[in-house]
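Hello,

Here is the structure we spoke about. Please open it and keep it beside this note while you read.

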Amino acid sequence: MTVKVALIGAGSVGQRHARTLQQLGVRITSVTDAHPEAAEKVAREVDARAFTDPDAALDLTDADAVYVCVPPFAHGSGERAALSRGLPLFVEKPVGLGREIAEEIGVLVEAAGVVTGTGYHWRCTDTLEHARELLAEAPALLASGYWLDKRPPVPWWGRVDRSGGQVVEQLTHVLDAARFLLGDVVEVYAAGVRSASAIDLQTAGRAGEESDDVDDATAATMRFASGAVATLAATSVLAAKHRAALHTVSRGLYLEVSETGLSSFDGASRTDLESAEDPRATVDREFIEAVRGEREATRTPYAEALRSHRLGCAIAESARTGLPVRLPQERSAVHGARV
């Protein structure tokens, strides 16, 4: 069965998924983007039709599934178009700018009962699965996560009302890995700092130009339902990406996990494992297998992505207000316990 996919979002992330999907034998039947030139360029490359409206794309072309690969501020219309037609849905992270649209889509996903996948590809590494097995034997008491990076060059990233900020847009991968390994979080507290850059000073006061307002650095603490505690750090002021990872401390065991591998220390020896497969490709392969009926579900369903998104939004809220934020108790699909 050749799976036909409607691609919504013709940016770099959408193009990456399109290349992977074609390698998997998937046919891209339409490319939709708010910028017609971008949609037409990618559509020509994958031999598909170009659109600026997702409903028109799904009405006028054939699709077995929909990929939504849009910036945080642009979520909503693509997901609604897919779910109103009962089509399997893949959504890139983060699943929204704030919580409102993401929660609405979460309700629609549950009602539609379709296969879903999301861009939280760290979950698709065999090394993260191995880390969870190790932590089942030696539960983590402490964790430390970080995303130390440069500021992405896309114009919308520096504005909170477009990207949601670094915690929501980038650190969310680490938050999702932390939830996968340690369970759900019950309380967060965060603080951020923002200083005017040379570019801000140059553009300040110019008509039609808004200065960036995303924090340069964020520090946060989290308490898990298990009682474990964690610290988080994120910054986008470096000249290039340095590292992004999560470290855990258990009695007699130290783990370092990232999207590329796992290092473990037990006091006597160190073991370094690389992921057997590129998780960015695995996350697409597993979604297409689920669409074909070859597996029941993906490891990155929308419901889990929504829980990680709520955590990122809570940290962003705490950094903005200076107050701790408690998260509502819910049942985790990973740990299966009321928290």
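**Helix packing**

Start with helix α6 (residues 126–137) and helix α8 (residues 166–182): their axes lie 9 Å apart, and the two pack at an angle of about 40°. Helices α6 and α8 are therefore oblique to each other. On the α6 side, the contact uses Leu-128, Glu-129, Ala-131, Arg-132 and Leu-135. On the α8 side, Ala-177, Phe-180, Leu-181 and Leu-182 take part. Sorted by class, the contact of α6 with α8 has seven nonpolar residues, two charged and no polar ones. Please bear in mind that this is a predicted model.

Now the second pair. Helix α4 (residues 77–84) and helix α5 (residues 100–112) have axes that come within 10 Å and cross at roughly 10°. An angle under 35 degrees counts as roughly parallel, so α4 is roughly parallel to α5. From α4, the contact takes Glu-79, Arg-80 and Leu-83. From α5 come Ile-101, Glu-104, Ile-105, Leu-108, Val-109 and Ala-112. By class, the contact of α4 with α5 has six nonpolar and three charged residues, and no polar ones.

**Glu-129**

Which residues does Glu-129 touch, not counting residues up to four places away in sequence? They are Arg-123, Phe-180 and Arg-299. Phe-180 belongs to the α8 side of the contact described above. Glu-129 and Leu-262 are 133 residues apart along the chain, and their C-alpha atoms are separated by 10.0 Å.

**Aromatic rings**

How many aromatic pairs does the structure hold? There are five. A pair of aromatic rings is described by the distance of the centres and the angle of the planes. Take Phe-90 and Phe-287 as one case: the ring centres are 5.6 Å apart and the planes stand at 70°, so the pair is edge-to-face. Phe-90 sits in strand β5 (residues 89–91) and Phe-287 in helix α10 (residues 279–291), so this pair ties together parts that are 197 residues apart in sequence. Are these two residues buried or exposed? Both Phe-90 and Phe-287 are buried. Together with Tyr-67, Phe-90 and Phe-287 form one aromatic cluster.

One more ring to find is that of Phe-73. Arg-162 lies over the face of Phe-73, at 3.7 Å from the ring centre.

Best wishes

Definitions and conventions
Residues numbered from 1 in each chain as written. Predicted model: local features only at pLDDT ≥ 70, side-chain atom pairs only at ≥ 80, totals over all residues. Heavy atoms only, no water. Axes fitted to C-alpha atoms, helices over the stretch in contact; angles between N-to-C directions. Helix = DSSP H or I, 4+ residues; strand = E, 2+ residues; numbered from the N terminus. Parallel < 35°, antiparallel > 145°, perpendicular 65-115°, else oblique. Contact = heavy atoms within 4.5 Å. Nonpolar A, V, L, I, M, F, W, Y, C, P; charged D, E, K, R; others polar. Phe/Tyr/Trp six-rings, centres within 6.5 Å; stacked < 30°, edge-to-face > 60°. Buried < 20%, exposed > 50% of the residue type's maximum accessible area, 1.4 Å probe, protein only. Lys NZ or Arg CZ within 6 Å of the ring centre and 35° of its normal.
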